[in-house]
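Reader: Hi, I have this structure open and would like to go through it with you. Could we take it one topic at a time?

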Amino acid sequence: MQFHHHGYVSGDPRVTSPEGTGIDRPNEIPDEIDVLIVGSGPAGMLLAAQMSQFPGVVTRIIERRAGRLPLGQADGIQPRSVETFQAFGFAERIMAEAYNIAYMNFWNPDPENPQNIVRTSRTEDYGYKISEFPHLIVNQARVLDYFAEAAANGPGRIEPDYGIEFLTLTVHDEGEYPVEVRLRYVDGERAGEERTIRAKYVAGCDGARSGVREAIGRKHVGSASSHAWGVMDVMVNTDFPDWRTKCAINAVAGNILHIPREGGYLSRVYVDLGAVAEDDDHRVRLTSIDEIIRRANDILHPYTLEVKEVAWHSVYEVGHRVTDKFDDVPDGSERAPRVFLTGDACHTHSAKAGQGMNVSMQDGFNLGWKLGAVLTGRSPEALLATYSAERLPVAQQLIDFDREWSTLMARRPEEISDPQDLATYYLATAEFPSGFMTRYGQSEIVGEATYQSLADGFPIGKRFKSSEVALVADGNAVHLGHHAKADARWRLYAFADSPAAGEPSALESWAEWISSSAESPVVRYTSPDQDVDAVFDVKVIYQQRFDEIDISRVSAAFRPQTGPLGLTDWEKVFAAAPTAWTTTDIYDERGLSRDGVVVVVRPDQYVAAVLPLSATDALAEFFTHSMVQAR
């Protein structure tokens, strides 16, 4: 963690100094604002935390509830989400309180006595197999707490305005604040009062029954399946031996997906309630908690559950729906979007694949930096059209995956020919639920794959997969990707060719160009009154050992002096070769060319371009499509 950038800090370094809208933030929502976020779920709170990094943008987030969410319904945290938490500064803290999924066990009917269940396989979870981060279970409410802290501690000092309900909106054809929004106070002294505000943009993060979605005329496309599940968070005494291990249980009496929760005692249990008749008219949702517990005991036979406390329970019918578009732009229109949908407002599915909260947060991450870039003048308004274009295909992939997974989970024993096939599917498809299958197509912010062979391990359009390197300044082993914070900056990773620092090389030529050429994106898109690394975070990774690099000979492009004190940043120069602290070489691990390569990474951690060090014209051209020259 870097701090003292603006002078000595004796307090919590996570609390940054307020700037812009964060100074004397008014309690009352202004009549005119830049961004209105509707809903404080995972997408909304991440979006607020990201917008807090743009203190010049007036952002407010409203929530109908009177206060923070005390108990969330989502709980599965995939490795990609933990990567995101790292960028927002709280991965280590939330991992300390979460349940870490190490294994998933599979139970099926005992061939000798089918009324009983037996463990048929034990598989290692996929988390650490494909990421340095684990697969976690933690209450959604705690995730929201951490994002709320990040939003409140950011320079914009954003906090939810609780007790305010969204009613409707109208998008006008002109005006600086074209979105007219009607609100109602539902809590406190002003309960029942209505008012109208105007915004430049609105983000509907308001759940499956989204009022924002209805207001812009978007439709959920899809259907509900004819299967119901009861779900309960419970504390129990039991003789079931795998109670603290994630389990998929298939029995004659039905199915259970069992997920231990954080804290050592709480568990979540999804209980199969069977097929739903066509004329049920949602009566299955009235199933009592006692009936859910009874069915759970039938499925677990010969083991038993003695439920001591029910923290929460519900009944749901599996539904798979995707909204036809994630913004308000009419088909055939070329105008920029003004209203956006995220999370359950634009995709709903079963809870058993653990994707709802995770995909929703990536919606917010994708949208946040783009809104900030447009509203601060860094990017043209056309950039906002890439939100729906990128996230809608991801949502459709999610629906397709969840449909297959939930169908497999609901099978009867007589429909299963191989008791191992569920475990096989779980591991074979691990990259998708972990959040690492997302790959954005070519656009103004995702380049062509012409030079992909120079960095095979960093596929263009996929998230930047971190690897250990050594920090040259002190020799410590660090994860390169963990130095990328959610500060809305682009990353330029320059992987050096073989000559040592300061010697004539392709890297030295590139460093001279990036720091001084009028065509350089750093020069072209950074205002003279900003720090040189305010928009682009430029880092270098050498092939040599850290103790073979003379940091005093490293180009000034990688040792910027920034902040009011003009302090040198020592944490942009890395070494790839193995050391006493690292066992891998990032060049080998990520298939990087020894002739050098530049990897361009977006603010939301997705690889945007791979180019040779010599392709400065192509690098300059790439940014002309998504950025506006600084004044």
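Reader: To begin, how many bridges join β19 to strand β25, and do they run parallel or antiparallel?

Author: There are 2 bridges between β19 and strand β25 (residues 573–575), and the two run antiparallel. Strands here are DSSP runs of E with at least two residues, numbered from the N terminus, and two strands pair if DSSP finds at least two bridges between them. Please keep in mind that this is a predicted model, in which local features need pLDDT of at least 70 and side-chain atom pairs count only at pLDDT 80 or more, while totals for chains, interfaces and linings use all residues. Residues are numbered from 1 along each chain as its sequence is written, and side-chain values use heavy atoms, with hydrogens and water left out.

Reader: Which residue in β25 stands opposite alanine 470?

Author: That is alanine 575.

Reader: And how many bridges join β19 to β20?

Author: Strand β19 (residues 468–471) is joined to strand β20 (residues 477–479) by 3 bridges, and these strands run antiparallel. Within that pair, valine 469 stands opposite valine 478 in β20. The hairpin of β19 and β20 has 5 residues between the strands, and glycine 475 there takes a positive phi near 80°.

Reader: What order do the strands have in the open sheet of 3 strands?

Author: The order is β3-β7-β4, with antiparallel pairing. Its edge strands are β3 (76–77) and β4 (99–100), each of which pairs on one side only. Looking at β4 in detail, 2 bridges join β4 to strand β7 (residues 136–137), and asparagine 100 stands opposite leucine 136 in β7.

Reader: Changing topic, how many disulfides does a search of the whole structure find?

Author: The search finds 0 disulfides, where a disulfide is a pair of cysteine sulfur atoms within 2.5 Å. Cysteine 346, for instance, is in no disulfide, and the nearest cysteine sulfur, that of cysteine 205, is 8.9 Å away.

Reader: Is cysteine 346 buried or exposed?

Author: Cysteine 346 is buried, with a relative accessible area of 0%; buried means under 20%, exposed over 50%, and partly exposed in between, using a 1.4 Å probe and protein chains only. Cysteine 247 is also buried, and its relative accessible area is 0%.

Reader: Where is phenylalanine 3 found?

Author: Phenylalanine 3 lies in the segment before β1 (32–38), and it is partly exposed, because its relative accessible area is 36%.

Technical notes. Helices (H or I, at least four residues) and strands (E, at least two) are DSSP runs, numbered from the N terminus.
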